[in-house]
Amino acid sequence: MFKLVLLRHGESEWNLENRFSGWADIGLTEKGRSEAKRSGLLLKEQNFRFDVVFTSVLKRAIKTMEICLSEMGPIDIPTIHDWRLNEQHYGALEGLSKTKTAEKYGEEQVFIWRRSYQVSPPALDLNDKRHPRFDQRYQELGEHQFPSTESLKDTLHRLLPLWNESIEPSIKSGKKVLIVAHGNSLRALVKHLNGISDDEIKDLNIPTGVPYVFELDGQLKSQKHYYLK
């Protein structure tokens, strides 16, 4: 039996302001830092140790990882930063108020954009300065890899190669793995691990800053999963 720990970043400034974050690089609030610290203490109390950590390239995930690991002890753990663990790209909604967007389009439509599996938000214009093609961190990507918007299905599609090529082999080799990422990139991964249907995934929400433990069989199928509290 293998164990895998997932951790959504602590509360971000735009979580607090109820805005769509997506690939925008937003920092943590004081509450978010406290959540990250508590996650490290919980993992330490229950004797978790990690051999490798995977995280996105966004600072709210990176800072959560750093705070969490510092609470666990002074251990130098190899860290892999990969854009494929980034949050779902919210397209033209990035940075907008969720409340005002709901007033404009209706709460049901906004819920579909946020939680459904196959429906993408309105696309970001290619010349919009928010588009990732203008961000130096993504210059190694091919033009077809720059998202203008993403559904949860798209998020899972770009995440799975990282899982198959790097994360899964690490787990199967016996390494203790921690993944620090985002609400929707982790929802996509949980859908894959638990075999959640396209319809039922809309009901899954992953809280900020709480370690989510998966016990996996030899084929990395989820046998048990639970939050540390």
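Contact here means heavy atoms within 4.5 Å. With that in hand, let's walk through this predicted model, where local features need pLDDT of at least 70, side-chain atom pairs count only at pLDDT 80 or more, and totals for chains, interfaces and linings use all residues. Residues are numbered from 1 along each chain as its sequence is written, and side-chain values use heavy atoms, leaving out hydrogens and water.

Start by selecting Thr 155, which sits in helix H6 (helices are DSSP runs of H or I with at least four residues, strands are E runs of at least two, both numbered from the N terminus). Thr 155 counts as buried because its relative accessibility is 0% (buried means under 20% relative accessible area with a 1.4 Å probe, protein chains only). Leaving aside neighbours within four places in sequence, Thr 155 is in contact with Asn 86, Gln 88, Glu 150, Asn 184, Ser 185 and Ala 188.

Next, show H6 and H7 together. Their axes (lines fitted to C-alpha atoms over the stretch in contact, with angles from 0 to 180 degrees between N-to-C directions) come within 9 Å and cross at roughly 70 degrees. H6 is therefore roughly perpendicular to H7 (the range for that is 65 to 115 degrees). Among the H6 residues meeting H7 are Leu 152, Leu 159 and Trp 163.

Now select Trp 163, whose contacts beyond four places in sequence include Leu 4, Leu 189 and Leu 220.

Of its 29 residues, Leu 4, Leu 6, Trp 163 and Ile 179 touch the most other members.

How values were computed:
A nonpolar core is a set of buried Ala, Val, Leu, Ile, Met, Phe, Trp, Tyr and Cys residues joined through side-chain atoms within 4.5 Å. Buried means under 20% relative accessible area, exposed over 50%, partly exposed in between (1.4 Å probe, protein chains only). Angles under 35 degrees count as roughly parallel, over 145 as roughly antiparallel, 65 to 115 as roughly perpendicular and the rest as oblique.
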